[in-house]
Structures are given as C-alpha cells and as structure tokens.
Amino acid sequence: MLKRTILILLCFCLCIPFAASAPHREVTEVNAASNTTINQDKQQLAELQNKLNNIKNNLSELEKDKQNSNTLTQTLLEEKIQLEKEYTLINDQVNTISDIITGYNSIIETAETDRAKMEANLKKQLDDFGIVLVELYKNGDDSKFEIFLRSDSYYSYISYVEYMEQILKSSDMMIEDIKATIAGIEQRKQDHEEAKAKLEEKMGELEVAKKELEAKDKELDEKLGEERDKIEFTDKEKEEYKRQEEELLKDIQKLQQQIKDKLAASYTGSFSWPFAS
C-alpha cells in the first residue's frame with residue numbers, strides 16, 4: 001500500500017512540470033506591423049491576384065490586337081506595292097503614247113506644210129501656163145479652129161497644135177501629179193489624225209485609271225496611318241499595364257510576406273522536456 005502511494009506521488013510530481021512547460025498556441029489576428037487581420041490580408045491578396053489576372057488578360061488581348069494590326073499592315077503594304085507596280089505600268093504606257101502622239105503631231109504638221117507647198121506649186125504651174133493655155137485647154141476644138149485661121153500653112157498649124165497638145169498634156173499630167181500628191185498628203189494627215197484621236201482616247205482611259213489608283217493609294221495610306229497609330233497606342237497601353245503589373249507583383253510579394261510573418265508570429269511559447277528545442 002505504501003509503495004503504491006509513493007508511486008502515485010512520483011508520477012504526479014513528474015507530470016506537473018511537463019504540463020507547465022507544454023506548448024500553447026495563441027492566434028493573434030493582428031500583426032504589430034499592420035492593423036489588418038490575416039483574413040483581411042488574404043482577402044486583399046485575392047483582390048490583388050484578380051487585378052493581376054485582369055491585367056494579364058488585357059495584355060494578352062492587346063498583344064492579339066497588335067498582331068492583328070501588324071498582319072493588316074503587312075497586307076496593306078503588299079497591296080500598296082502591287083498598286084505602285086500597276087501605277088508605274090500605266091504611267092509608262094501614258095508616256096509611250098504621249099511620245100507617239102508627239103511624233104504624230106510632227107507628221108501632221110509636216111503634212112500640212114507639204115500640202116501648203118504643193119498647193120502653192122500647183123498655183124504656180126497654173127499661173128505659168130497662163131490664162132490663154134488654160135482657156136485653150138478648156139475650150140478644146142473652138143480654140144483649135146481659131147489657131148487654124150491664124151496659121152500660115154497647114155503644116156504650121158499641125159506643128160503648133162501638136163506642140164500645144166504636148167504642152168497641155170505635160171501640163172495636165174503635172175497638174176494631176178500635183179493633185180495626187182496633195183491627195184496623198186491629205187490622206188496621210190487624215191490617217192495620222194485618226195490614229196492620234198484613238199491614242200488620245202486611250203490616254204484618257206489611262207489617266208482615269210491613274211486617278212483611280214491614286215485615290216486607292218491615298219486610301220491605303222490613310223488605313224496604314226490608322227493601323228500604325230493603333231499599334232503605337234497599343235504599345236503605350238501595354239507599357240502602362242506592365243508598369244501596373246510590376247507594382248502589383250511587388251504589392252503581392254509584400255502582402256504574402258506580411259501574411260507569412262503574421263502566421264509565424266501567431267505561434268508563441270517554448271518547449272521543455274521532453275520537447276525541448
């Protein structure tokens with residue numbers, strides 16, 4: 001009986017200091033460095049994470065917008081290059097036609113000068129033969145009868161008539177040649193004027209096409225300007241979002257450390273035997 005009582009007392013003495021030194025947990029919801037609780041910090045951390053996610057989503061959307069603008073810009077540039085090729089081709093055609101028209105104008109002017117010369121030559125030929133020869137040529141047999149009456153002999157009459165006929169024939173051939181030459185000059189002039197008119201019509205069509213290309217080129221320049229402005233604005237927005245992202249990351253890291261410190265500070269006390277540290 002005595003031994004049992006001594007054993008109970010011994011156990012009681014051993015348990016008293018262990019109970020006194022056992023660790024105890026005090027959950028302090030407020031950190032000395034902050035007036036917020038851990039739950040409030042966690043709620044704020046979640047809000048910051050949401051903001052960060054929104055910023056990342058916005059950055060992703062902005063990057064897509066920029067890629068779309070870059071793709072559209074490349075397409076517009078390719079269209080502009082093709083348009084410039086077409087414009088150059090049309091402009092070359094206009095220059096070529098213009099050169100041809102200039103040549104036609106020179107030919108037409110030369111034809112007009114040649115015609116004026118031939119008409120002057122025709123007039124001179126008619127003047128050289130004189131009114132008498134012209135009248136003789138026009139009156140035919142009546143003139144020959146008058147010459148017969150004035151002739152000394154039949155031989156002289158025949159000789160005179162043959163001479164006059166030869167002169168008239170030569171004159172007539174010369175006059176017809178001059179007229180044919182004038183007609184040829186006039187035909188050549190007319191042909192070139194018709195060809196020139198067709199070329200001028202074609203040039204008019206090309207000029208209209210040039211104006212249409214110029215209008216389209218201006219429209220492309222405006223679209224390119226809009227896309228470049230959009231890209232520039234997008235880059236500025238991205239820079240601002242990245243700045244906000246960096247600040248949020250700093251705030252999140254700071255708040256995470258604050259929560260960690262509060263959790264560490266919420267455990268107080270020390271351990272003794274048998275859990276001595």
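Trainee: Is Glu63 buried, partly exposed or exposed, and what is its relative accessible area?

Mentor: Buried means under 20% relative accessible area, exposed over 50%, and partly exposed in between, with a 1.4 Å probe and protein chains only. Glu63 is partly exposed, at a relative accessible area of 29%, whereas Lys238 is buried at 12%. This is a predicted model, in which local features need pLDDT of at least 70 and side-chain atom pairs count only at pLDDT 80 or more, while totals for chains, interfaces and linings use all residues. Residues are numbered from 1 along each chain as its sequence is written, and side-chain values use heavy atoms, with hydrogens and water left out.

Trainee: What joins the side chains of Lys238 and Glu63?

Mentor: Side chains of opposite charge can pair when their charged atoms come close. A salt bridge is a side-chain nitrogen of Lys or Arg within 4 Å of a carboxyl oxygen of Asp or Glu. Lys238 and Glu63 meet in such a bridge, at 2.4 Å from N to O. Lys238 lies in helix 4 (residues 154–265) and Glu63 in helix 2 (residues 38–139), so the pair ties together parts that are 175 residues apart in sequence. Helices here are DSSP runs of H or I, at least four residues, numbered from the N terminus.

Trainee: Which residues are linked in a network of salt bridges?

Mentor: Lys80, Glu84, Asp217 and Asp221 form that network, and the structure holds 17 salt bridges. Among them is the one between Glu240 and Arg243, with the closest N and O atoms 2.5 Å apart; both residues lie in helix 4, three residues apart, about one turn of the helix.

Conventions. Helix = DSSP H or I, 4+ residues; strand = E, 2+ residues; numbered from the N terminus.
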